Amino acid sequence: MSKKRNNYKKVEIFTDGACQGNPGPGGWAAILKYKNVEKELSGAEPFTTNNRMELTAVIEALKALKEPCKVTICTDSQYVQKGISEWLPKWKQRKWLTSTKNKVKNVDLWKILDREASKHHVTWKWVRGHSGIPQNERCDYLAKMAIENMKKKWDK
């Protein structure tokens, strides 16, 4: 009997969210990197928060994967990184309540993120924002451009 090989594709994902006002118009962006190929994704919402855009960026990136992968997600959001790695299991145990018995904010997105992440082997990595990481800087730019492009459509 031969050993089963791990044939998962290794994908690196960079994400960022932005908001003009909090709440206000918001944008999100992700870069998926597989071998030497990068794919950029972005979008915007007219009235949202920065944390919702950070979550949406990761969700949309994971949804873009066509098969189970070994994924490293690089986010500059401690809210996302700590939320998924530390807080989420406890929230689920407490039926989506915080330790102070308040409803978890953005529970709709946390549930989607939990479901999408469960399809892959994910490593969560926090990176310092605006520290010269090219893909993180690009995501910041793309998220802000998504907001501007949405605003231009409003003006038409």
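Analyst: On a 1 Å grid over the protein atoms alone, a pocket is an open set of points where a 1.4 Å probe fits, with protein on both sides within 12 Å along at least five of seven lines; lining residues have an atom within 4 Å of a point. This is a predicted model, where local features need pLDDT of at least 70, side-chain atom pairs count only at pLDDT 80 or more, and totals for chains, interfaces and linings use all residues. Residues are numbered from 1 along each chain as its sequence is written, and side-chain values use heavy atoms, with hydrogens and water left out.

User: OK, which residues line the largest pocket?

Analyst: The lining includes Lys 9, Val 11, Leu 32, Lys 33, Tyr 34 and Cys 69. Strand E2 (24-34) gives the most, with three residues. Strands here are DSSP runs of at least two residues, helices (H or I) of at least four, numbered from the N terminus.

User: Switching topic: how does E4 pair with E1?

Analyst: Strand E1 (residues 9-19) pairs with E4 in the parallel sense over seven bridges; two strands pair if DSSP finds at least two bridges between them. Thr 15 has Thr 75 in E4 as its bridge partner.

User: And which residue in E5 does Ile 73 stand opposite?

Analyst: That's Trp 124. E4 and strand E5 (residues 121-126) run parallel, joined by six bridges.

User: Is E4 mostly covered or open?

Analyst: Mostly covered: five of the seven residues in E4 (residues 69-75) are buried, meaning under 20% relative accessible area with a 1.4 Å probe, protein chains only.

Definitions and conventions:
Buried < 20%, exposed > 50% of the residue type's maximum accessible area, 1.4 Å probe, protein only.
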